[in-house]
Amino acid sequence: MNVNDTTSPAVLEQLRRLPADRRRILFTGATVVTMDPGLGIIERGDVLIEGDTIATVGRELDARDAVVVDATGTILAPGFVDTHRHAWEAQLRRIMPDVDDLGAYVTATLAGYATVYRPEDMYIGTRLAALTAIDSGITTMLDFSHNSRTREHSDAAIEALADAGIRGVHASMGPHFGEWDRQWPGDLTRIKSRYFNGDDQLLTLRLATLATDEIAGPALAYGPDLARVAADLGVGVSVDAVFGLSGSEAVLRWAKDGILGPDVTLIHATGLTSDAWKAMGETGTTVALAPTSDAQIGLETAVPAVDEALAVGIRPGLSIDVEVALASDMFTQMRALHAIQRMRAVNAVYGTGGQPSRITTHDVLDFATLQGAHANGLAGVTGSLTPGKKADLLVIRAEDLNNMPLNDPIGTIVLGSDARNVSAVLVNGEPRKWDGRVLDVDLAALRDEVHASRAYVLHTPVA
């Protein structure tokens with residue numbers, strides 16, 4: 001066993017001396033969990049990266065002209081994909097860990113703290129969230145950026161994603177409450193032209209919106225007008241707060257209006273009616289579950305709707321949601337969903353002699369990778385270690401104290417590992433974490449910025 005190369009500063013220095021577009025990296029000797037249905041798991045496998053792309057996956061690959069990284073004793077897997085996080089809130093982490101319900105969250109955060117945010121606060125929170133995502137193996141993050149009070153707020157959020165080096169999806173929405181410039185959604189044309197004018201870039205754009213007008217009024221609620229905006233821009237749509245009877249009625253309206261489909265992601269989907277689920281399944285609409293958010297904040301039934309999704313043929317993605325009350329990492333989401341669903345499955349047949357229908361660790365890893373990429377409109381780009389896709393991957397030390405010995409690699413990822421075991425993270429072929437440390441971050445300076453921003457937000461009176 002030799003895990004030293006994946007933590008070696010000398011190997012990192014060798015990698016970084018090469019121009020990114022001419023760089024070839026060969027990881028050797030790892031347990032490769034591809035999450036590609038045709039490739040499966042490769043014991044003692046190799047992964048060859050050329051530039052920003054996965055070139056080949058297999059055994060004993062040609063190392064010619066490549067920087068060879070001995071990854072023996074590790075698991076190589078696709079980077080996790082977060083389908084929904086309100087990244088700007090990161091400097092308010094766990095400020096309300098025992099939040100009572102959605103109303104308490106909305107009142108404190110969206111009607112309170114959000115209203116005093118400056119563009120620099122948007123930047124600091126979003127960058128902090130993105131760097132934390134990378135640290136825990138998330139290589140793609142959809143930032144549901146619903147505090148775009150001015151053009152400058154939007155620019156700051158996008159630039160933070162770019163500076164962090166994550167594969168970022170900027171899902172743009174106007175604020176719920178307080179004073180703002182009413183530049184959204186009109187400003188999306190400028191945003192797309194300035195930041196999203198290439199077909200092969202690290203950042204992508206989506207329209208973010210709400211399911212109904214109950215919280216913030218009709219201007220932010222999804223319907224034919226906003227669907228037309230998204231279609232004109234050629235971007236997908238992420239719809240938050242899809243739950244309950246009102247959410248179900250909205251889903252049926254959208255189906256009737258012809259504005260559901262694979263380019264629309266419905267977030268939460270908790271407590272929806274069977275008719276709503278049927279419409280979602282028939283239209284190929286995607287779903288982003290937020291397992292800890294539904295359970296901890298108590299959204300409608302408080303039960304993540306994985307069984308309902310699977311019953312209509314939808315394999316959902318997973319998301320973090322709000323760090324003001326929840327954990328920051330995908331390991332927590334996978335374990336929460338795995339435990340909750342299996343608890344429900346066993347409870348449903350308890351005392352009847354029936355057999356429970358349980359999801360597996362493979363299911364939740366699929367949700368956290370390939371299905372998340374599908375929900376974000378990036379299934380052809382990331383989510384699996386498939387040749388031709390971008391090189392977004394993580395290296396997990398399988399021989400660490402909490403993981404050894406390696407018996408089942410997917411079980412080890414889902415049930416055994418956490419951020420401390422993530423030795424290396426590559427995004428688009430670029431090392432972003434190495435030797436257990438996120439790269440190119442002045443942690444002391446970042447800490448000062450985060451504390452200063454938090455102090456401003458907490459001590460500035462809400463108008």
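Predicted model: local features only at pLDDT ≥ 70, side-chain atom pairs only at ≥ 80, totals over all residues.
Close-up 1. From S9 the chain crosses through helix H6 (residues 224-233) to S10 in a right-handed β-α-β crossover, that is, with the strands pointing away from the viewer, the path from the first strand over the helix to the second runs clockwise. Helices (H or I, at least four residues) and strands (E, at least two) are DSSP runs numbered from the N terminus.

**Close-up 2. Strand S9 and its pairing with S8.** Six of the seven residues of S9 (residues 204-210) are buried, meaning under 20% relative accessible area with a 1.4 Å probe and protein chains only. S8 (residues 167-172) pairs with S9 in the parallel sense over four bridges, and Val169 stands opposite Thr204 in S9. Together with helix H5 (residues 188-195), S8 and S9 make a right-handed β-α-β unit.

**Close-up 3. The surroundings of Asp321.** Asp321 lies in the loop between strand S13 (317-318) and helix H11 (330-349). Asp321 is buried yet has no salt bridge (a side-chain nitrogen of Lys or Arg within 4 Å of a carboxyl oxygen of Asp or Glu), and the nearest side chain of opposite charge, Arg85, is 9.0 Å away, with Lys and Arg counted as positive, Asp and Glu as negative, and His and the chain ends not counted. Not counting residues up to four places away in sequence, Asp321 touches residues including His84, His86, His268 and Ser293, contact meaning heavy atoms within 4.5 Å.

**Notes.** Residues are numbered from 1 along each chain as its sequence is written, and side-chain values use heavy atoms, leaving out hydrogens and water. Local features need pLDDT of at least 70 and side-chain atom pairs count only at pLDDT 80 or more, whereas totals for chains, interfaces and linings use all residues.

Note on methods
Buried < 20%, exposed > 50% of the residue type's maximum accessible area, 1.4 Å probe, protein only. Pairing = 2+ DSSP bridges.
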